[in-house]
Amino acid sequence: MSDFEFHLPTKIRFGRGRVGELGSLIPASAGRVFVVTDETVATKTPALEAVRRALDGREVQVSARVEENPSLATVEACGREARGFCAQLVVGLGGGSPMDAAKGVALLAANPGPLARYLGGEPLENGPLPVVAVPTTSGTGSEVTPYAVFTDPEAGSKVGYGHPGIFPSVALIDPELTYSMPAAVVVNTGLDVLSHAVEAYLSTLSFPLNDALALHAVEVALSSLGRAARYDREAMDDMAAAAAVAGAAIAHASTILPHIMGYPLTVHHGVAHGRASAVMMVHVLEALRSEAASPDKVKTVDALFAPHGGAAGFLSGLGVSTRLSDYGVREDELAIYARKTIVKSDVKITPTALTAEGLERIYRSAL
């Protein structure tokens, strides 16, 4: 067995109604709390009010400006607000976008910035503020990872950042906060869980302990996502837990090719992140069947999908097309997408040799 290291510094508290315990999970010394969320969570769900009640007795400032796939400019603006507030702790409340933005805000509240410096590889001057993640969707697993993804509209690309200092200190997972998700969001975020789990399992960085987590999350997503989309609350609870399990798996093995091949679909065509990743997962699995360095793992994944009509059949059962043309993607875009993808670090941990031409062939097969 190869050497490995497993480290998850995030305390996870899971259960219905437990958002009310938020205050007890925050150090008494953190009297000034900056909450990062989005307008939908702030105005159309009870989540923000529940967080405010749980933080009674502390100074709280809320920024609800985060958009889907948060831009560098938005994170910079929230960071300035947090510095001006003299925040001592940051709460990320919402789906992956607010939680990722909260990590960027925690970084900028303690460092001069701009954010682009650190994304470019410059070291932090100071450790980020502590982050507490309170997810309201069941998808990204950001509540238990040291990663955040931001959008650079000028470059037309997504930019990932990883640092152990942005691991949330606490993940407070209250499945009741997910019950207000629209059905389409349940599906799209649940597909992110599935993609994370499959990709972590296939990653060349994974190891047996991590494989067990990843496979468990795949099994839960396959058995529960369809029922969760019909608002079966037990299934929604299962998906909330699976999101964290898959998040822990990618915290140790990262994502691989499907995620980074999906980024252009999100940036240029507005395809929801989890859906884009799962769509590309179908086509990457097809390529790996003949080229993978770990064929037994690919066969294991195929066996899990087999009762559901294969990966494409499972997505079809959820009403999700796996053809890129259905999302407006054109053939003349594919070479550009391949060139943008081949330079991403996740290419190196995908279990096959890859070239820009090979990526273009996968995109073309998906069209």
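This briefing covers helices, salt bridges, cysteines and a surface patch in one protein model. The model is predicted. The salt bridges come to 15, while the disulfides come to zero. Helix H10 is largely enclosed by the rest of the structure.

**Helix H10**

- Helix H10 covers residues 273-291, which makes 19 residues.
- From its first C-alpha to its last, H10 reaches 26 Å. That is close to the 27 Å expected at 1.5 Å a residue.
- H10 is largely enclosed by the rest of the structure because 15 of its 19 residues are buried.
- Glu 286 and Arg 289 form a salt bridge, and their closest N and O atoms are 2.6 Å apart.
- Both residues sit in H10, three residues apart, so about one helical turn separates Glu 286 from Arg 289.
- In general, an α-helix has 3.6 residues a turn, so residues three or four places apart point the same way.
- Arg 289 counts as partly exposed, because its relative accessibility is 40%.

- Ala 200 lies in helix H6, which spans residues 183-202.
- Is Ala 200 buried or exposed? Its relative accessibility is 0%, so Ala 200 counts as buried. The cut-off for buried is under 20%.
- Leaving aside residues up to four places away in sequence, Ala 200 touches Ser 206, Asn 210, Ala 214, Ala 249, Ile 250, Ala 253 and Ser 254.
- Ala 200 and His 252 are 52 residues apart in sequence. In space, their C-alpha atoms are 8.0 Å apart.

- Side chains of opposite charge can pair when their charged atoms come close.
- Glu 234 and Arg 16 meet through their side chains in a salt bridge of 3.8 Å, N to O.
- This pair links distant parts of the chain, 218 residues apart. Glu 234 is in helix H8 (residues 233-253), and Arg 16 is in the loop between S1 and strand S2 (32-36).
- Glu 234 is exposed because its relative accessible area is 51%; the cut-off for exposed is over 50%.
- Arg 16 has a relative accessible area of 41%, so Arg 16 is partly exposed.
- Asp 232 and Arg 227 also meet in a salt bridge, at 3.6 Å from N to O.
- Asp 232 is partly exposed, with a relative accessible area of 30%. Arg 227 also counts as partly exposed, at 30% relative accessibility.

**Cysteines**

- A disulfide needs sulfur atoms within 2.5 Å.
- Cys 86 is in no disulfide, and its nearest cysteine sulfur is that of Cys 78.
- Cys 78 is buried, because its relative accessible area is 1%.

**A nonpolar surface patch**

- Which residues form a nonpolar patch on the surface? They are Met 1, Phe 4, Phe 6 and Leu 209.
- Together these four residues have about 440 Å² of accessible area.
- Met 1 is found in the segment before strand S1 (11-14).
- Met 1 counts as exposed because its relative accessibility is 80%.

Notes: Residues are numbered from 1 along each chain as its sequence is written. This is a predicted model: local features need pLDDT of at least 70, side-chain atom pairs count only at pLDDT 80 or more; totals for chains, interfaces and linings use all residues. Side-chain values use heavy atoms; hydrogens and water are left out. Patches are made of residues with over 30% relative accessible area and no salt bridge: like charges are joined within 9 Å, nonpolar side chains (Val, Leu, Ile, Met, Phe, Trp, Tyr) within 5 Å. Accessible areas come from the Shrake-Rupley method with a 1.4 Å probe; for residues, only the protein chains shown count as cover. Helices (H or I, at least four residues) and strands (E, at least two) are DSSP runs, numbered from the N terminus. Buried means under 20% relative accessible area, exposed over 50%, partly exposed in between (1.4 Å probe, protein chains only). The expected span of a helix is 1.5 Å times one less than its number of residues. Contact means heavy atoms within 4.5 Å.
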